[in-house]
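This briefing covers a chain contact and the pairing of some strands. Please keep the sequence and the structure in view while reading.

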Amino acid sequence: MNITNNFEISFNGLKANKMRSVLTMLGVIIGVSAVIIMIAVGQGASKRISDQISSMGSNLLMVSPGAGQGAVRGAGGNVNTLTLEDAEAISELPLVNYVAPELSSNATIGYEGQTWTAQYNGTTPEMQDIRDLSAVTGSFFTEDDVADTNLVAVLGKTIVDNLYPPDVDPVGTTIRVNKLAFTVVGVLASKGASMGGQDQDNALYIPVSTAQKRLMGVKYVRLINVQTDTAESMSYVQSSVENLLRERHHLTGASNDDFNVRNLASVLATAENATAVMTMLLASIAAVSLLVGGIGIMNIMLVSVTERTREIGLRMAVGATEGNILGQFLVEALVLCLSGGIAGILLGMAVAKIISMLAGWPTSVTMFSVLLSAGFSAAIGVFFGYYPAKKAAGLDPIEALRFEK
Amino acid sequence: MQGKITLKLDNIRKIYTMGEHKVLALGGVTLTVLQGEMVAIMGASGSGKSTLLNVIGCLDKPTEGTYILDGEDISGLNKDQLASIRNKKFGFVFQTFNLLGRVTVRANVQLPLIYAGMDKKEMAARTEEALQWVGLAGYINHLPSQMSGGQQQRVAIARALVNSPSLILADEPTGALDSKTSVEIMSVIQRLNREKGITVIMVTHDKDISLYCRRLIYLKDGHVVDDNMLADQRDAAADLAALSEKAGAQA
């Protein structure tokens, strides 16, 4: 008597009751595929969010005007405490690589009678390094353009697609931003959608000085992007930026900050945390269905033991030990669970694929979730199979042989 | 009495406790069976004959007494050791055949060999040989449900002899069969006893069937009340031939 015999006996037992075996497996199939799908969708979402956050730039601090804690969200934009001079001062700080101020608003863009609404960003050339922008044709504007308040613009791909005929090179052409004529100096490579679902390519970049003086008539900026040398130096730079700005804005003692420094790494961590919690939540709901499947297996195994009492008695009479009988039923439950598990994994992978195709939602089936659900279904087989198997092994052979169906 | 002793029961008692009641199933049975004997245990229902057979077959443990099988005291063995003894020394034949209905004749017959841990090649050879011996060589891939009662009991006998036991224990082997098939089964059992020299102990309440044995033991209220050697043993094969002739003449 060895394990191969046990598997043979179990397969024969399951084959003899095909319909019942398949229905029993269905519980595990649904449970396992639910776990796979939920983890795949959750991890896909998490990957997408972290991709989008890191596409905003790495090691990034964002300094915005307005009070930090307790401020109403969105109200910060109305406070005009940050200036270009603040940005310049920040760039003098140690461990700061790049600083790019930002002043943006929506505008109507016109080209040869066509119009399109897009966001313009007034900034400096350092924005290229922070946002990882690159020009596919032409080039980004220069420091001189910023110093001279030149009317030059770099276009995002969506604007080009919507305003220009396919055969026209936008570089060198003239567009109108809120009626003001700008010369196009470059076209940017596509960046895709942002975290909030916003199209990052529906934007044009102009010198920040031009945006302040020619378009908006203001002296402040909406945002200062600060890129630090390394991830480790972020919190140090954050506090030195805070100290510098308090000094520059003459804030002393108890008075609140009139600016707010956000650390993109912590935003990323928070978002990842949130999606991880969501994934665990979905997976635990799916795990409940796996549990229900396991109880179904126990139920069927109990029925099977009762039904086969005489068979068990006979097996004992011809020399099966309690261990043999225990093994037989345990292996049977294990085979049910594992084959259900494998079918569930395949089904789950297929459904995850379909979801990402139909909904455009990225999913990732990881080795971890496959191993988790395979291990889980095997554990369920042993756990829920043990009681019925123990019951079978504990039967008295004489009574079992006398058992009337 | 001469010859090698197969089993020796000494003052075997079996008491069942059912709640507060104690039922005395065997009240001190002392019995010696020699190798090659063919014994019928008879008695009214409740006389303890099935209990005695279960104790002999190691399916049940006696409450008291000593049981020596092939020179080995097996009174104190544990469940796994008893299972191994059942596997090696006994073949069981039941009134209701107890074949597994969902698997083939082959799987049924080789069942004791699987628990003996035999390799596949030898298992197949012995299974075929046993089926050949009971005259069912062509039925190896049949399901029991496709066969008659007599054929099913012959499959059960093949299963009982496949592990070359020293004893075959039969509990009312003809109880579910008509009289002609009963004689046919008895002829197979007699052949087993004579040709293979296997000791046979069977429980029956049918006087006619008991006459095919050589020794009759009567049980009453858990005690042996009579133990006789029969002067002449009926020959089942001859009876079967006579029955077939009669049926032929009628037709």
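Which residue takes a positive phi in the hairpin of β2(A) and β3(A)? A:Glu112 does, with phi near 50°, in a hairpin that has two residues between the strands. The model is predicted: local features need pLDDT of at least 70, side-chain atom pairs count only at pLDDT 80 or more, and totals for chains, interfaces and linings use all residues. Residues are numbered from 1 along each chain as its sequence is written, while chains are lettered from A and ligands numbered from 1 in the order in which they are written.

**Strand pairing in chain A**
- Strands (E, at least two residues) and helices (H or I, at least four) are DSSP runs, numbered from the N terminus, and two strands pair if DSSP finds at least two bridges between them.
- β2(A) and β3 (residues 114-123) of chain A are antiparallel, with nine bridges; here A:Ile109 stands opposite A:Trp116.
- Two bridges join β2(A) to the antiparallel β6 (residues 174-177) of chain A, where A:Val177 is the bridge partner of A:Ile109.
- β2 (residues 96-111) also pairs with β9 (residues 223-228) of chain A, antiparallel over six bridges, and A:Tyr98 stands opposite A:Gln227 in β9(A).

**Contact of chains A and B**
- Chain A gives 20 residues and chain B 21 residues to the contact, counted where C-beta atoms, placed from the backbone, lie within 7 Å.
- On the side of chain A that touches chain B, two or more residues come from each of α1 (3-15), α10 (309-317), α11 (322-359) and α13 (397-402) of chain A.
- α10(A) gives the most to this side, with six residues.

Technical notes
Contact = placed C-beta atoms within 7 Å.
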